[in-house]
Amino acid sequence: MASYPKDVIRDLIDGKLPWQTTKPIMSDFKDERRFEIYLEILQERVPWKERILLPVGEHLYIVEKGAARIVKCDCGHEFGPYTENWKLEALVYVRDDERSLDEIYPGARKCDPGWMELREYYCPGCKAQLEVEAVTPGYPVVFDFVPDLEGFYRDWLKKPL
Amino acid sequence: MEKAIQTTAEAAPERRGCGPEGRTLLAALRHDRELLEQTGHYHGISDLRLKAENYLHYESLHARLRSAVVNARETSKKISASPGVREVGESVVALYTPEGDSVVLSTGIMVHVHTLSRFIQWMIERDYESDPGIAHGDVFANNDPFVSDVHPPDLMNVTPIFHGRELIGWVGAVAHELEIGGVYGGANQTTTAERFGQGMIVSAEKVAANDVIRRDFFVRAEMNLRTPVYFVLDEKAMVSACIDVREKVLEAVEQYGLDYYKRAIREIIEEGRRAHLQRMKMLTVPGRYRSVAHAGHLFEGKVGASPLSRNCIVQVPLEMTIDRGGFMTIDYEGAGRKMWNPYNCPPAAMDGGFFVTLTQFIDFDGKVNDGCWFATRMICPPGSWCNPGDDMTATSSAWGSLMPGFGSLQRMISRSFLARGFREEVFLGQVNTPIIEGGGINQYGQRFGGQNLECSSEGSGARGIMDGIDCGYVGWNPESDMGNVEIWEMILPILYLGRRIWRDSPGAGKYRAGATYSTLLMIHKTPLYNIVSTIHSDKVFDNQGMCGGYPGPTAKFEYVSRDTDLAERIARREPLPHVEGDPRRPDISTRVGGDFRVVDGVFLERPLRSGDLFQFFYNTGGGYGDPIERDPEAVRRDLDNGIQSIEIAESVYRVAARFDAAAKRHAVDEQATRKLRAECREERGRRAVPTRQWMARQRERLLRHDLGREVKEMYNDVFGFSERWSREYREFWSLPDDFVFTV
């Protein structure tokens, strides 16, 4: 079973590892301690103390806050329970006209705003663009992921949650 | 759609047959599934005995079988005359158990490994063992989507492997045809609203005996196809591959022993099943994942489109659940009804899309076979576009719905990789693959039909630690190759003026999608070339980004210029168009005189002729991460390489750059870039609103029925079809229980 030092994992997830080193990691058997090291690296980077239970995005984590488990941005903004869609507590900007779409897709390559819109969800704290939805107007906000945290920790990781 | 076998044969399964232990093949299939049901293990194999007893011996057999199918495919490609197979590699060869479960497979269009399974099982269920009979040297061919196929261009062949009187397995091979005799020439016929018009269909027919393909089968191809040489030689190539593997399997049986072989092929599948579940637990996180994709289609008012086909948006919702055992279920609940257009998917197509996704994301090495199939489940609502339950439905452009759907699956699996820390496996790969096809009179003065399958190497979606693959990926064949320009010029009446990277095509993100390309064709030496485009999405993005990345652009438009002064410009040695240039004022409209048009949607126009120009654009996928977090140096590199424009660098990536003419490279102003990015965050804060506030306004809009016709028709279609999805929709927006849109 493969095993990698923390520095290698850090560079890997930051996209800084040279391809010659990355490719063998992709091709080899996966390292069993990855999740543990991954959490350590992420925990060291955030400016707050709550324990990270599971990353769910580039900036978002499910964390333990007292007895609650909430979604939190690395800037510190808290969205609420992980069992509810964090997007509902975010800021949203919708590109639903030719002008706003043209900023991203000049010329004929954009969607028809009558058929589709782009919804950009921002963190209310740091204004990071957390997700973009390309959906038909009127489509419900997509709830991307609800993990089975108990099953993951107890049955798969064999660790207490 | 459940994967359970639905038996329709009336044959008594208790009679002596050619299957294992003297069972009929139908009885063997039923027995095999009962064992799986009762024990939870494939074929009831609870211990990998042969592997435990002598690992090397067991592995050597697996390697030998795998080598046989890979080698047979490579050899057969040299028999084919079609660039689709020879250059692009549109073929696959696989070995199956007597019950039709795959044991080993070659590289290539792995999407068909499970469609072949379904084909074999279709024949078993209908007691082909009795009539027309199954004997050594027989070959059965099929391209009927509702027997088992994605669409008619995919011609499959299977041959049984007999040891004495016992059938001990099957070999199958598939090749994608460039011409299948549809209404306008080519293969993926986008104009037909029903099964009829998709081209020549072969429905599970015995086409060879004693290893000799019947002459009348070739006569049929010669009489029904515009360019039959591809079909005829592909058929010979596939049959040769089947025979080649059969003989190598029989050699292996001699060496390893029959009983060992029969046990080993089933252990190999059970090992594949177990490995899949172990990998799920190693790489993913249990839970519920959701996504949605859409594909749009314009038909109304198009010359040549069926009057039965309406403009429409295909809703492709997908839910994936991973349970605590690592078992994956994917559910297309919320898909709309089957359609009067060719973007429906037969069950085998859905199988194929699922299988090829699994082989790229979870089951990419080791024992890659149907083992993973027994550790997963797919639900496709009966009567929907993804499980029409109607053999008359058209499916010739099925990929146009498949790829958005399984692109969603890739994104959901990627989200689990991200959560687990395996960011290097995050990959937003699959997107639609627009195709140029058609027919007319070729440069040799002959009537012809054919596809340009260069779409086999598009840009991929982004990865979690790096950009996507530039001009080198397609979802249905991980072994992508676009083919040389010269080979397409040889078989089609065209000359390439350009096949270049399409600037600003990648879906933007911290890691961008792979760049894709556009092709600019000069129609050459033909009085009549009826070009049609197919397999892409009109008016809507058919893919999504992830973690703040944008989707790749919609590529469903074409530039055309007729009656050009190209010949005069060439004679005067003036500059010619090669790339798109400014998308608001394309080069094809400014660098050559002629009647220029942008065509939206499927290209169904009057035929082109020598001297006309046609420019086509290929898809790419979504970006990963917030674009303003992209390394400015990466943006600078893309500017130097013509992948990005300065305009997009500033408006999307918020990078201040300029071209340094003296240094002949772009330069980034780091201070100005930091300022632009800070301003972008402020701008976001000013223009955005709290989501719940926006939702309240949207609810009012829905109650006013203030949506476009096609959008409302899409929702109404699902309201009348999926109770669960409709209930969730109305609950989300707090709409009345009986709410429907007024169109």
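In which helix of chain A is Phe152(A) found? The model is a predicted one, and Phe152(A) sits in helix α5 of chain A, residues 149-157.

Pro47(A) is another matter. It lies 105 residues from Phe152(A) along the chain, and 26 Å separate the two C-alpha atoms.

Now take the contact between the chains as a whole. Chain A gives 61 residues to it, and chain B gives 69. On the chain B side, strand β8 (residues 287-297) supplies the largest share, eight residues. Sorted by class, that side holds 36 nonpolar, 18 charged and 15 polar residues.

Strand β8(B) also pairs across the contact. Its partner is strand β8 of chain A, residues 145-147. The pairing is antiparallel and runs over three bridges. Within it, Val146(A) is bridged to Arg288(B).

Finally, turn to helix α16 of chain B, residues 632-640. Val635(B), Asp638(B) and Leu639(B) are buried there. They fall on the same side of α16(B) because they span an arc of only 105° around the axis. What covers these buried residues? The cover includes three elements of chain B: α17 (646-651), β22 (657-660) and β23 (665-668). After α16(B) comes Gly642(B), with a positive phi near 75°.

Methods: Residues numbered from 1 in each chain as written. Chains lettered and ligands numbered in written order. Predicted model: local features only at pLDDT ≥ 70, side-chain atom pairs only at ≥ 80, totals over all residues. Buried ≥ 20, exposed ≤ 12 C-beta atoms within 10 Å, placed from the backbone. Helix = DSSP H or I, 4+ residues; strand = E, 2+ residues; numbered from the N terminus. Arc of directions from axis to C-beta. Contact = placed C-beta atoms within 7 Å. Nonpolar A, V, L, I, M, F, W, Y, C, P; charged D, E, K, R; others polar. Pairing = 2+ DSSP bridges.
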